[in-house]
Amino acid sequence: MNGIMVSDHVLACLDHFGDRHQNAHSEEILALFLARDGQVIAEDYSTGPSGWSVDLPVRLIAARALLLAADDVVIAHNHPSGDPTPSRQDILATNRLERALFPFAIRVIDHVIISGQGWFSFRRAGLL
């Protein structure tokens, strides 16, 4: 992840989320809040009202990160369509989250999209 170390616990959370949601019929978001050493402080799940599509709750994630005094955030969500390619909305929301957290020195480590056809990492694609 471009020199950023991610703890085994974060990878395990992402694996578990992927196992549960790669072929799911509704979209869900996982937000992991991390301490500087990479340990997970908390994890939150969000589901959209329709269950099919969910907007990244930027304000809620930012507020929770501040409340927890998190140093880093990792976001994951699934695409029920099967295509892990980020939508324009996914890219814009990730950029908004990164900008919202920047003044507080909270990093968005990655945003991972999981689907039945594989996964997409914003960090690996150079979008973070």
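Leaving aside its neighbours within four places in sequence, which residues is Leu101 in contact with? I would like to start there, bearing in mind throughout that what we have on the screen is a predicted model. The residues in contact with Leu101, once those sequence neighbours are set aside, are Ala62, Ala65, Val73, Ile106 and Val108. Leu101 itself lies in helix H3, and with a relative accessible area of 0% it is buried. If you look across to Arg59, which is 42 residues away along the chain, you will find that its C-alpha atom is separated from that of Leu101 by 9.8 Å.

Leu101 is one of a set of buried residues in H3, the others being Asp90, Ala93, Thr94 and Leu97. As for what the buried residues pack against, the partners are helix H2, residues 58-68, together with strand E3, residues 72-78, and strand E4, residues 107-115.

That brings me to the loops, where two alanines deserve a careful look. Ala69 is placed in the loop between H2 and E3, and its phi is near 55°, a positive value in a residue that is not glycine. Ala69 is also exposed, its relative accessible area being 56%. In the loop between H3 and E4 we come to Ala105, which has a positive phi of about 60° although it, too, is not a glycine. Ala105 likewise counts as exposed, at 53% relative accessibility.

Finally, a word on the aromatic residues. How many aromatic pairs does a search of the whole structure find? The search finds one, formed by Phe120 and Phe122, whose ring centres are 5.6 Å apart and whose planes stand at 90°, so the pair is edge-to-face. Phe120 and Phe122 are both buried.

Notes
Residues numbered from 1 in each chain as written. Predicted model: local features only at pLDDT ≥ 70, side-chain atom pairs only at ≥ 80, totals over all residues. Heavy atoms only, no water. Buried < 20%, exposed > 50% of the residue type's maximum accessible area, 1.4 Å probe, protein only. Helix = DSSP H or I, 4+ residues; strand = E, 2+ residues; numbered from the N terminus. Contact = heavy atoms within 4.5 Å. Phe/Tyr/Trp six-rings, centres within 6.5 Å; stacked < 30°, edge-to-face > 60°.
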